[in-house]
Amino acid sequence: EKDALDLARLALKCCTKMCAPESALSSLSQKTNDNDNDNELAMKLLLIYSCNAFEGGRIYHRISRVNHSCNPNAVIAEGDDKDVSVLKAACDIAPGDEINISYLGKYLFAGYPIRQKVLRAEKHFACRCVRCTSDNGDSASRIPCPICHPRTNGRYLEEDVMFDEDEDFKVSYAVPDNGMTAEERTLRSPTCKGVTAIVPDGGGGSTRKRKEGMAIKYMCMAEDKVLDRLESNSGGNGNDDDGQGGSGGGDDTETERDIDNQFLQMATSICGARHWTTHFLNLSLIEESLASFHSTLMTMGRDSNRDAEVMEDLFVEIAEAADGIERAYSFAESLELKIDPAHWLFDYIVGLARTLVGLGDVKSQKYGAEWIKKVEGYSEKFENDGMNKVVRALRDAWKRGEEEEDDKGGETAKKKTSSGKSGDEGPEGQKRRRIE
């Protein structure tokens, strides 16, 4: 509350200095007495705005009264008019149940302490919703069990545990309790039934137990570092929300990507492949990759030898992006929230489908259609008409591509018959075949 009041006082001071003389704002911002006390009405309005405004600064008479939950049953969607917002059910809601939304954005899919930090900083309250008070713990923050998988030097996971990619090797996970400090985040493993907790200084306990407990401290440290990194990426570096601010230099982009990769390596080596930090950082890198795929495809067609090398690398990068999004989707499903994972991953999936369709071959376009099917139902309910047209076009692109290939096949057969040659289409045709 103190932070909220300080922010409101600062805003009121700005209003007093910047408003036009004799305006309504000037009248509202004037002090009420000689003791330099806050104008009660102005302070009330500023606090209401701070706690209830939606993105873009909009306040609504009814929607702004909807409470928050970390497992919401409704979402705010765009209306037909850009100044209109619509409250839509994200699942079946029984008569008498409270309607609630999330104030967290993407951090809805983060762990308990991160959700609490964001809400306290931006909305000035501590959440006590069903998810935050559940005895089932913080499933978004699960890590490989320290009892089943001892760390190297007490900190780092073995590689096969870290990546959890071997189907023949079973990784056991432990779920921390909902808590803000390492001491409050006791780990409980449903596999070995073991319990891991911080061993206090002077509290006794074996060396093995102390090392196991240190995994919790390292997890908490990693979470704080990742949150700081994500916040700096989303605005702390001075860039616009759409990512178009700043210098945009190629060297800067590569440097930032290298830093993100280092953070991802750190998070994975400490928290494993199913912790929220790993997915958030991986998606941050995937977002950059999806943007680069489009520009790469636009430069194709000038040098056939270079194109072949570029396409080989591009296929690998696209496969890695698809794998990362698939893992994030499975992670979101495992949280068993009421809202669809597409609320978080829609833009990534559409971006991936755009890239696959842009490759031009029917096989890639069919793969893109498979991804679109994951979000098609979500799009129909929550996206506008323009985006639904894009989704349908991406879904059906392979049909158009197949028809074009059939037409090309027919033309080639005719040429073979009439010329007696084996389909020589000239330099441009050969280049196109190599690229495909």
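Reader: Which residue is the bridge partner of E78 in β3?
Author: In this predicted model, E78 has S85 of β3 as its bridge partner.

Reader: And how many bridges join β2 to β3, and which way do the two run?
Author: Strand β2, covering residues 74–78, is joined by five bridges to strand β3, covering residues 85–89, and the two run antiparallel. Together β2 and β3 make a hairpin, with six residues lying between them.

Reader: OK, zooming out: how many helices and strands does the protein have?
Author: There are 13 helices and eight strands in the protein.

Reader: Switching to pockets, how much space lies in the second largest pocket?
Author: The second largest pocket holds about 560 Å³ of space, and its lining consists of 21 residues, with L264, N282, E320, D323 and G324 lying nearest the centre.

Reader: Which helix gives the most to that lining?
Author: Helix α9 gives the most to the lining of the second largest pocket, namely seven residues. At least two lining residues come from each of α7 (250–271), α8 (276–298) and α9 (304–334).

Reader: How many of the lining residues are nonpolar, polar or charged?
Author: By class, the lining of the second largest pocket is made up of seven nonpolar, eight polar and six charged residues.

Reader: Last one, on contacts: what percentage comes from residues 24 or more positions apart?
Author: Among contacts in the protein with a separation of 6 or more, residues 24 or more positions apart account for 63%.

Methods: Residues numbered from 1 in each chain as written. Predicted model: local features only at pLDDT ≥ 70, side-chain atom pairs only at ≥ 80, totals over all residues. Heavy atoms only, no water. Helix = DSSP H or I, 4+ residues; strand = E, 2+ residues; numbered from the N terminus. Contact = heavy atoms within 4.5 Å. 1 Å grid on protein atoms, 1.4 Å probe; cavity = no way out; pocket = protein on both sides within 12 Å on 5 of 7 lines; lining within 4 Å. Points joined across faces, edges and corners; volume = space filled by probe spheres on them. Nonpolar A, V, L, I, M, F, W, Y, C, P; charged D, E, K, R; others polar. Pairing = 2+ DSSP bridges.
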